[in-house]
Amino acid sequence: MDFKLDAFPVDENTSGLRNRDKIKILICYVFKSIAQPIAKDVILSALYDNGIANYFEISQAVYELEKNGALKLTEGDDAEYILTEKGRKIADDLERELSMYIRHKATQAAMKTLVYEKRLKENKVDIVNLGEGKYRVDITIYSGLEGEGENDSLLDVSMYVPDIIQAEVIKRSFLNNPAKLYEKVTQALTEDVTFVD
């Protein structure tokens, strides 16, 4: 027997979404679930990096949702998308077209990406190419306290690594939990010390 691959249903839980209409429903659902403006690159990163959908399909779906009035772009330098009433209706009426697994995975991915982007704005991580295959990762943790001293650094750390892959791993690891680095450094520098006269 000769079966065509297309005759079998795609398992969305393992291979992601391939149908653009379902991707549009998912995007509306994610916006509804998160209930805040989201930049296009954040939604692209969240869905693509987590294997939920193809980059170009996501990009086209966002474009079509904006054109049909389900998403609206805010004004200003840091323009973000917001869900309109039409987009909310799409999410409310059609979310059951998507598996619970895909809905959960996409919302969780978007939330993690938003947190990551927020930490990237609140902290500074630079990767400096020193040539000859050597890199330095410069990390700055800001106080974050409103008012005076808001942009003062609490901690500056530089680390040398042999390649860009390790530099990116350090950057991502730090941004996943900036407080952990501050806590560990502070703990290491303030542990019990014996003073010698």
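Reader: Which residues of α5 are buried?

Author: In this predicted model, the buried residues of α5 are Gly87, Ile90 and Ala91. Buried means under 20% relative accessible area, exposed over 50%, and partly exposed in between, with a 1.4 Å probe and protein chains only. Helices (H or I, at least four residues) and strands (E, at least two) are DSSP runs, numbered from the N terminus.

Reader: What covers the buried residues of α5?

Author: The cover includes α2 and β2.

Reader: Before going on, what should I know about numbering and cut-offs?

Author: Residues are numbered from 1 along each chain as its sequence is written. Since the model is predicted, local features need pLDDT of at least 70 and side-chain atom pairs count only at pLDDT 80 or more, while totals for chains, interfaces and linings use all residues; side-chain values use heavy atoms, with hydrogens and water left out.

Reader: OK. How many helices and strands are there?

Author: The protein chain has 8 helices and 5 strands. From the N terminus on, the order is α-α-α-α-β-β-α-α-β-β-β-α-α.

Reader: How much of the chain is buried?

Author: Buried residues make up 31% of the 197 residues. The protein chain exposes about 13,400 Å², and carbon and sulfur atoms supply 50% of that area. Accessible areas come from the Shrake-Rupley method with a 1.4 Å probe, and for residues only the protein chains shown count as cover.

Reader: Which residues touch the most other members of the largest nonpolar core?

Author: Leu26 and Ile27, in a core of 34 residues. A nonpolar core is a set of buried Ala, Val, Leu, Ile, Met, Phe, Trp, Tyr and Cys residues joined through side-chain atoms within 4.5 Å.

Reader: Which elements give two or more residues to this core?

Author: They are α2 (20-34), α3 (40-49), α4 (55-67), β2 (81-83), α5 (85-94) and α6 (100-122). The most comes from α2, with 8 residues.

Reader: What does leucine 26 touch?

Author: Not counting residues up to four places away in sequence, leucine 26 touches Leu17, Leu47, Ile52, Leu98, Ile102, Arg103 and Ala106. Contact means heavy atoms within 4.5 Å.

Reader: Is alanine 106 buried or exposed?

Author: Alanine 106 is buried, with a relative accessible area of 0%. This residue is found in helix α6. Leaving aside neighbours within four places in sequence, alanine 106 is in contact with Leu26, Val30, Leu47 and Ile52.

Reader: Changing topic. How many salt bridges are there in the whole structure?

Author: The search finds 12. A salt bridge is a side-chain nitrogen of Lys or Arg within 4 Å of a carboxyl oxygen of Asp or Glu.

Reader: What does arginine 20 form a salt bridge with?

Author: With glutamate 64, the closest N and O atoms being 2.9 Å apart. Arginine 20 lies in helix α2 and glutamate 64 in helix α4, so the pair ties together parts 44 residues apart in sequence. Arginine 20 is partly exposed at 29% relative accessible area, and glutamate 64 is partly exposed at 21%.

Reader: And lysine 32, what is its salt bridge partner?

Author: Lysine 32 pairs with aspartate 92, the closest N and O atoms being 2.9 Å apart. That pair links distant parts of the chain, with lysine 32 in helix α2 and aspartate 92 in helix α5, 60 residues apart.

Reader: What about glutamate 95 and arginine 103, how far apart are the closest N and O atoms?

Author: They are 3.5 Å apart in that salt bridge. Glutamate 95 counts as buried at 13% relative accessibility, and arginine 103 counts as buried at 6%.
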